[in-house]
Amino acid sequence: MIYAYGITQQGSYHIKKDIVCQDAHRIIKCGDTMAVAAVADGLGSEEHSDVASRLAADLSVEYCAEHIKPDEIDDDGILATIKDSFELAQNKIEFVAAENGHELDQYDTTLSLAVLIGDRLYYGHSGDSGIIAMNTEGIYEKVTDQQRDSDGRVFPLYFGEDKWVFGRYKKPVVSVLLATDGMFEILFPIYIRREKVSIYVALAKYFMDPKGIGFEKDGEKGVEERIGKFVSSIPEEQINDDKTIVVMTNA
């Protein structure tokens, strides 16, 4: 049985500056053994990035949920479908920008997507959000790297196939977490990034360890509400950006 929850909250900086939340997430569960989820982070400097992030998250997840049949498709086919979903999302963003008479660069967004089938994790990634896996050995590992240039500028979805990354995680998976950049960076604090274990394990465990989350006791809604309260309590000094996390676990 796969359980899931997702949280998106407007950041304190956006609230103070009267800027809409530019993060988005989407989850679709396909029976008991498969789920698809995505997070997207509209670039804060772009006027219509909130529209782009919502389109990217919704369209990519809906497409994968409709076209991936876990018993009928191999690894290459699943990864090809994820790639198609990225192309669909970007094409739709370009159409909406043109239809509204806006410059395309005002619709920049990141996109990270995960497909969990049993204990298999497939993913697509563009930008500086990220994906973390907990494997069956209880080890937490970073699946994707943040995509930024030497000046710290993000490579958004618009950059296309030259920057997009697709793959199957190499080990059996118990749980997967997707996060936009602010939350992702809390899980990989700067002061331990050079260490052998660079992830804040206690926090990762709180978010995604199926033994401690309490899905069977509290239900998905109860877990989402409890984790949401915790996320909203994170001090502004640690993160003032919009905050999004999504977790899928296989009980």
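I began with the contacts (heavy atoms within 4.5 Å): of those in the protein with a separation of 6 or more, residues 24 or more positions apart account for 70%.

I noted that this is a predicted model, in which local features need pLDDT of at least 70 and side-chain atom pairs count only at pLDDT 80 or more, while totals for chains, interfaces and linings use all residues. Residues are numbered from 1 along each chain as its sequence is written, and side-chain values use heavy atoms, with hydrogens and water left out.

I then looked up the secondary structure and found seven helices and ten strands, taken as DSSP runs numbered from the N terminus (helices H or I, at least four residues; strands E, at least two). The radius of gyration, taken over C-alpha atoms, is 17 Å, close to the 18 Å of the globule rule (2.2 Å times the number of residues to the power 0.38) for 251 residues, so the protein is as compact as a globular protein of that length. Along its principal axes I read a C-alpha trace spanning about 50 × 45 × 35 Å.

For burial I found that 51% of the 251 residues count as buried, meaning under 20% relative accessible area with a 1.4 Å probe, protein chains only.

I turned last to one strand pair (at least two DSSP bridges between the strands): β2 (residues 23-29) and β3 (residues 34-41) run antiparallel and are joined by seven bridges. Asp23 has Asp41 in β3 as its bridge partner. Four residues lie between the strands of this hairpin, where I noted that Gly31 takes a positive phi near 75°.

Conventions. Buried < 20%, exposed > 50% of the residue type's maximum accessible area, 1.4 Å probe, protein only.
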